[in-house]
Number of protein chains: 2
Amino acid sequence: MKYIAIIGFGVVGGGIAAVLEENHAAITAAVGDTVELKYILDLRDFPDSPWGDRVVHTIDPIVNDPDVALVCETMGGSHPALEYTMQLLSAGKSVVTSNKEVVANFGDRMLACAAEHGVNYLFEASVGGGIPVIRSMLTSLAGDNICRIDGILNGTTNYILTRMRDEGSDYAEVLADAQKLGYAERDPSADVDGIDAQRKIIILTALASGKLIPAEKVYAETMRTITAEDMAGAKKCGGAVKLIGSARISDKEAALFVAPRIVPDACQLSHIDDVYNGIAVTTPLLGDVLYYGRGAGRFPTASAVAADVCAVLSGAAMKEKRPVFTVTSEGVIDFDEIWFDYYVRFADTVDEEVLASLADTVKKLDEKEFVVGKMGKKALEQLWDKLGVKPVSVIRILD
Amino acid sequence: MKYIAIIGFGVVGGGIAAVLEENHAAITAAVGDTVELKYILDLRDFPDSPWGDRVVHTIDPIVNDPDVALVCETMGGSHPALEYTMQLLSAGKSVVTSNKEVVANFGDRMLACAAEHGVNYLFEASVGGGIPVIRSMLTSLAGDNICRIDGILNGTTNYILTRMRDEGSDYAEVLADAQKLGYAERDPSADVDGIDAQRKIIILTALASGKLIPAEKVYAETMRTITAEDMAGAKKCGGAVKLIGSARISDKEAALFVAPRIVPDACQLSHIDDVYNGIAVTTPLLGDVLYYGRGAGRFPTASAVAADVCAVLSGAAMKEKRPVFTVTSEGVIDFDEIWFDYYVRFADTVDEEVLASLADTVKKLDEKEFVVGKMGKKALEQLWDKLGVKPVSVIRILD
């Protein structure tokens with residue numbers, strides 16, 4: 001018998017308790033032993049829950065119980081999740097989490113603490129919900145070098161962008177509806193301003209490179225500014241607008257950022273719609289591999305946590321490649337230095353000859369719409385100066 | 001230092017030797033030790049190869065060398081790959097393979113032999129080339145119950161079908177060109193008649209259910225009969241024709257088969273083109289998860305073998321869920337009993353009223369083209385009898 005605890009009994013935490021029961025046979029087979037939920041930490045009581053008798057209100061009984069081998073942290077937020085995790089790891093308990101905020105900001109400390117105390121800190125559920133991308137990167141791609149990642153990492157924004165494209169509606173209208181339907185939070189900033197995707201691309205980059213790059217070094221652009229006209233423009237480019245988290249990784253350098261991008265139809269990511277997530281990982285040997293599935297939700301996320309529970313309690317996680325994260329900004333390429341192709345739309349017609357003479361490549365889509373490239377931010381601004389007019393919309397194209 | 005051998009030094013075997021050298025640092029980190037290629041078994045000599053001095057012509061030196069911990073079997077074909085694998089496993093050496101023929105036909109014996117001798121038998125490269133689907137099923141999905149698999153499992157046929165769709169060409173024409181380009185074999189039967197995909201869906205079903213179902217119980221339909229008109233018909237249905245390997249799995253039953261299917265545009269698989277493979281796996285918790293990538297080729301396949309090498313030599317594979325396959329036909333649902341929706345095309349107009357009165361649902365696409373469903377083979381044949389005319393084309397639609 002292996003004993004575990006859940007700290008934070010919300011949507012995901014409750015899902016894990018249900019999954020442990022529902023998938024008892026499969027989990028027992030994977031672990032090689034039965035798994036028993038001994039404690040649930042929450043501020044609330046759950047008198048009507050079948051696990052109501054296991055609820056505690058402080059972390060101490062869990063930390064002090066030598067029977068507890070593993071704790072699922074599904075509290076969310078940095079504090080006190082961070083402090084509890086440190087306490088638990090220091091007490092020799094493995095922790096598995098869905099908490100991307102803690103992993104993206106403090107993953108280095110958590111992993112070091114776990115290594116020091118001979119336990120595991122796993123976080124499959126922190127990126128892509130139920131999509132099994134993290135373990136795959138650490139095992140199946142372990143013998144290779146990941147050089148590129150592009151992902152639709154946030155389901156809420158993908159839902160909004162999909163409806164904008166399909167209905168020709170504007171952002172505000174679809175957001176309001178998404179909020180009504182419970183797909184978007186009342187304050188949608190973390191999703192629509194790219195903060196959630198920023199955390200996830202930070203985690204994925206750290207897995208690929210070992211570098212945990214501070215959020216302030218990772219450019220994140222909102223998708224609030226995308227309009228129905230932009231969607232129509234993307235279609236003229238042969239693509240669709242998606243909020244993409246990207247990383248380009250080499251031995252010495254890393255470029256990572258989140259921005260709305262026009263994704264060409266030929267790219268698998270352009271066909272990933274609604275609340276689904278997709279993560280494309282590139283290595284020299286494999287070319288592109290893409291993982292696709294539900295990026296959030298009670299059961300997909302609980303499934304990822306359950307997989308981590310199995311990996312820890314079977315002993316496999318201790319033999320797999322255990323990541324080491326080092327906080328660093330070294331070798332991080334300034335976003336303004338990265339070259340892109342751009343979709344640009346002007347309010348009026350422009351002097352096409354001047355435009356063509358100033359950009360390396362220009363493709364006319366329409367009287368007022370063009371694709372220009374390849375250039376960085378400075379060259380782009382010089383272009384507007386020389387043209388004497390600024391476009392009303394500029395969207396980077398995924399290559 | 002861990003010593004390994006490669007048996008069968010062809011495209012994939014040679015790729016593994018190159019990958020071991022090229023990705024030395026990453027592999028050493030993943031294994032926790034250096035990996036050294038000690039023997040290459042092949043009938044030929046390779047005097048110009050950097051590994052030419054390691055070539056042997058019989059299996060004996062490898063079987064008898066206690067230093068060799070693991071052997072990569074990349075010979076292909078059943079014999080002598082099967083006998084060599086048994087010898088090696090019995091001598092206490094783990095075997096990792098890309099040989100789908102051996103896994104699909106004798107995987108039960110190989111896994112039992114490995115378990116008996118306390119070693120591993122892994123076969124990530126046997127399905128989907130470099131796509132990390134097998135380890136993911138055994139680890140990330142270990143705590144869940146896989147109930148459905150649908151995959152584009154063969155790159156050659158997907159390449160042919162993609163070109164037929166895009167160019168409006170007929171099968172024979174595109175095949176001839178694919179053969180010229182080296183994408184299809186001179187005798188393309190194994191690919192186009194679904195034999196290769198049949199082996200792969202057998203392996204995936206065994207991973208999900210433990211049941212290794214004999215090939216003669218697995219319906220496989222050729223895609224040679226698909227025409228340019230069928231492609232146009234698929235488009236009218238809002239989809240594309242793909243060769244799909246499918247499995248539906250429950251505790252007691254399994255239905256598995258390979259057939260050309262019309263895949264609706266809303267399904268991710270419809271957007272997987274050219275030589276790419278894609279495998280959608282469904283579980284109650286996750287919904288659909290899809291893995292996408294290059295299904296064949298020297299380096300993608302070598303990458304999958306290298307991942308298995310890392311899993312064995314790090315010790316992780318011994319802790320992961322080790323599959324047990326049992327050969328059985330019990331609970332295998334007869335293909336003729338499975339209900340589908342069908343695209344049907346007649347040479348002439350038909351009596352629509354009779355058609356509508358006989359099928360549960362009928363959707364008219366055109367004067368001579370309809371979607372009818374849901375029914376099994378017998379009901380479909382009765383339909384033609386009562387209509388008094390047989391269609392010139394019938395293609396099952398993926399739901």
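Student: In which order do the six strands of the open sheet in chain A stand?
Tutor: They run β3-β2-β1-β4-β5-β6 (chain A), with parallel pairing. This is a predicted model, where local features need pLDDT of at least 70 and side-chain atom pairs count only at pLDDT 80 or more, while totals for chains, interfaces and linings use all residues. Residues are numbered from 1 along each chain as its sequence is written, with chains lettered from A and ligands numbered from 1 in the order in which they are written.

Student: How do you know that β4 (68–73) and β5 (94–97) of chain A are paired?
Tutor: Pairing takes at least two bridges found by DSSP between two strands. β4(A) and β5(A) are joined by four bridges and run parallel, so they pass that test. As an example, C72(A) has V96(A) as its bridge partner in β5(A). The strands themselves are DSSP runs of E with at least two residues; helices are runs of H or I with at least four, and both are numbered from the N terminus.

Student: Why are β3 and β6 of chain B left without a neighbour on one side?
Tutor: The chain B sheet also has six strands, in the order β3-β2-β1-β4-β5-β6 with parallel pairing. β3(B) and β6(B) stand at the edges with a single partner strand each, so one side of each has no neighbour in the sheet. β6(B) pairs with β5(B) in the parallel sense over two bridges, and V95(B) has Y121(B) as its partner there.

Student: Which strands does helix α12 (298–314) of chain B touch, and at what angle to β4(B) does it lie?
Tutor: α12(B) packs on the sheet and touches β1, β2, β4, β5 and β6 of chain B, its direction making about 160° with that of β4(B). Contact means C-beta atoms, placed from the backbone, within 7 Å. The angle is taken between N-to-C directions on a scale from 0 to 180 degrees, with axes fitted to C-alpha atoms, for helices over the stretch in contact.

Student: Which residues touch the most other members of the largest nonpolar core?
Tutor: V309(A) and V309(B) do, in a core of 274 residues. Such a core joins buried Ala, Val, Leu, Ile, Met, Phe, Trp, Tyr and Cys residues through C-beta atoms within 7 Å; buried means 20 or more other C-beta atoms within 10 Å of the residue's own, these atoms being placed from the backbone. Beyond its neighbours within four places in sequence, V309(B) contacts I4(B), V35(B), L70(B), C72(B) and V96(B).

Student: How many residues does each chain bring to the contact between A and B, and which element of chain A gives the most?
Tutor: Chain A brings 45 residues and chain B brings 45. α2, α6, β13, α12 and α13 of chain A each supply at least two, and α12(A) gives the most, with nine. The chain A side has 23 nonpolar, 14 polar and eight charged residues. Here Ala, Val, Leu, Ile, Met, Phe, Trp, Tyr, Cys and Pro are nonpolar, Asp, Glu, Lys and Arg charged, and the others, Gly among them, polar.

Student: In which sense do β13(A) and β13(B) run, and how many bridges join them?
Tutor: They run antiparallel and are joined by three bridges; L290(A), for one, has Y292(B) as its partner.

Conventions. Two residues are in contact if their C-beta atoms, placed from the backbone, lie within 7 Å. A residue is buried if 20 or more other C-beta atoms lie within 10 Å of its own, exposed if 12 or fewer, and partly exposed in between; C-beta atoms are placed from the backbone.
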